[in-house]
Amino acid sequence: MLFRNTLAQSASVFAGYLFSFVLAPIMIARLGLEAFGIWAVTGALATYAGLLDLGISRSVSRFIATYDAVGDERRIRECVGLGLVAVAIVAVLAAGVAAALAPLLSDRLGVLSTSEMRIVLLAAVGIWTFNGFDGVLGAVGIGKRRMVPPNVANTVGVTLNFAFSIVALAISSSLVVYAVANAAAALVGIVPMAFALRYLWQAPYVAVPSRGLVKEVLSYSLKNQVGWLADLVNMETDKVVIAMLVGVRAVATYEIASRVVHAVRGAAVLTVSAMVTTAAAEIVTEGRQVVAELYRRYTLRSSAIAFPLLVLAAVAAPFLLIGWLGTAPGDAALLLPVLTIPYLLNLTTGGGSTIALGAGYPGLVSANSVLIAVVNVALTLALAPFFGLWGVVAATVVAISLGSLIFTARFLRLFDLPVRDFLAGVIQPGLLAVGLALPVGAVTLSVGVPDDRVTAIGWLAVVTIAYGAPYWILASRRELLPEKLRLPLRRRRAKADVA
């Protein structure tokens, strides 16, 4: 079931990344690099508005999983009701803030007039709001560990968004039109999720949350919210700082590189994406003794999938960017491999983070996220005035790398696990991923930067095959990958021996 749930979540997320990658060069060509940077900044600000829900909408799936494990359907309905109320309240507050903030951003960033900026900001808030409602409805399937229907609905939603975006870019070169089209797509996307909820569960779907439930969820979600705030600082604040200190073109360059890294990171995180609800249900029914086995298995499996994805993106950066966009704006080709360094370390914490959340220790994850955010902000403020974009990047690399190592040490201590469990999960896939990248990287350096898209795509295909094929074979032979992703080498060898 866990593999099927992970695959279901992967399908919808991969569809979103695919459409995002297809849209980026079209957006830049139609709207311009500056408008692309403005869209990145307004999206970051709208994401900050999500802080106002106190972490409730991101926590309901965990509580639905625990209540489903004990058969308390009334509490599940109360969770849905609480999530919908939280999103609605945030929508009203965020819309007011967006309207008031428009003149300041228009004056500071340029590109758009005050009225245009206000529409774009309100559209960004609308996108967050409708996606929030969508997420609360989908939390029922996620919490019940029946993730196929909500993720099918998500796939339909991102497909609608892609279609609306393409139409908007075809008829207009205005960021305002594009933003409104995206908000409309997010609203329509609620419909397939409502059908998925109806398929999974019987009415009534919502109940008024009791005071006891609100208190229980808030005690968890507020701790989780601290961590999410810190993650926002690490993932979104950089764009705002770069926009204010350097300019929107630099934001666009940073967004291009970070979009690739976060897409690869997101694909890698999917290896443990279904574990929070699974861990929560298993710990409720079987106790903490399942933690050690879960950690050992999924640290190895997630590292074996995550490491080669990030390393390949770093090695093939020039080919990837030019094949994708037709050019590599600014320092994007160098930014991309540099940004992969901290996320390689960060991905080793994926299994531990999801287990900690599932086991009811959001404070462990939040405290570490706060540490990373504090270090990141301090270093950014110290370095950005002198080194601009690269000062921000250096701060990110140091903060995330340091925080990832500290989290692992604290997680192992909390659950009384030996360091060898961590090392066993990361050393083999790490050495294999980096070792195979060395000769491939030497080839890419000797080839140089292609001048056209067709050549870049050709070299990207060559590098991907030259790196991916031997990694897949060796990782399968060493049984590093999940069983369903391995090549059946041993099975064939065993049949040959019998014959």
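Helices (H or I, at least four residues) and strands (E, at least two) are DSSP runs, numbered from the N terminus. By that rule, Thr-408 lies in helix α18, which spans residues 389-414. Keep that in mind as we walk through the chain.

This is a predicted model, in which local features need pLDDT of at least 70, side-chain atom pairs count only at pLDDT 80 or more, and totals for chains, interfaces and linings use all residues. Residues are numbered from 1 along each chain as its sequence is written, and side-chain values use heavy atoms, with hydrogens and water left out.

Start with the whole chain. The protein chain has 21 helices and 0 strands. It holds 499 residues, and 54% of them are buried. Here, buried means under 20% relative accessible area, exposed means over 50%, and partly exposed lies in between (1.4 Å probe, protein chains only). The accessible surface of the protein chain is about 21000 Å², and carbon and sulfur atoms own 68% of that surface. Accessible areas come from the Shrake-Rupley method with a 1.4 Å probe; for residues, only the protein chains shown count as cover.

Now look at contacts. Contact means heavy atoms within 4.5 Å. Take the contacts in the protein chain with a separation of 6 or more: residues 24 or more positions apart account for 83% of them.

Next come pairs of helices. Their axes are lines fitted to C-alpha atoms, for helices over the stretch in contact, and angles run from 0 to 180 degrees between N-to-C directions. Angles under 35 degrees count as roughly parallel, over 145 as roughly antiparallel, 65 to 115 as roughly perpendicular and the rest as oblique.

Begin with helix α5 (residues 114-143) and α6. They pack at an angle of about 150°, and their axes are 7 Å apart. That angle makes α5 roughly antiparallel to α6. On the α5 side, the contact is made by Asp-134, Gly-138, Gly-141 and Ile-142. On the α6 side, Pro-150, Asn-151 and Asn-154 take part. By class, this contact of α5 with α6 has 2 nonpolar, 4 polar and 1 charged residues. Ala, Val, Leu, Ile, Met, Phe, Trp, Tyr, Cys and Pro count as nonpolar, Asp, Glu, Lys and Arg as charged, and the others, Gly among them, as polar.

Move on along the chain. Helix α6 (residues 148-171) also packs with helix α7 (residues 175-188), at an angle of about 155° and with axes 8 Å apart. So α6 is roughly antiparallel to α7. The crossing of α6 past α7 is right-handed. A crossing is left-handed if the near helix is turned anticlockwise from the far one by less than a right angle, and right-handed if clockwise. Among the α6 residues that meet α7 are Leu-160, Phe-164 and Leu-169. Their partners in α7 include Val-177, Tyr-178 and Val-188. By class, the contact of α6 with α7 has 10 nonpolar, 3 polar and no charged residues.

A third pair runs the other way. Helix α13 (residues 290-315) and α19 pack at an angle of about 15°, with axes 8 Å apart. The two helices α13 and α19 are therefore roughly parallel to each other. Here too, α13 passes α19 in a right-handed crossing. Tyr-295, Leu-300 and Phe-307 are among the residues of α13 that meet α19, whose own residues there include Phe-422, Pro-429 and Val-440. By class, the contact of α13 with α19 has 14 nonpolar, 6 polar and 2 charged residues.

Now zoom in on single residues. Thr-408 is buried, with a relative accessible area of 8%. Not counting residues up to four places away in sequence, Thr-408 touches Tyr-295, Thr-348, Thr-349 and Phe-422. Ser-353 sits in helix α16 (residues 350-358). Ser-353 counts as buried because its relative accessibility is 17%. Leaving aside neighbours within four places in sequence, Ser-353 is in contact with Val-365 and Phe-407. Val-87 is in helix α4 (residues 73-109), and at 0% relative accessibility Val-87 counts as buried.

Finish in the loops. Asp-416 is found between α18 and α19 (419-447). Its phi is near 55°, a positive value in a residue other than glycine. At 69% relative accessibility, Asp-416 counts as exposed. Glu-479 lies in the loop between α20 (453-477) and α21 (489-498). Phi of Glu-479 is near 60°, again positive in a residue other than glycine. Glu-479 counts as partly exposed, at 37% relative accessibility.
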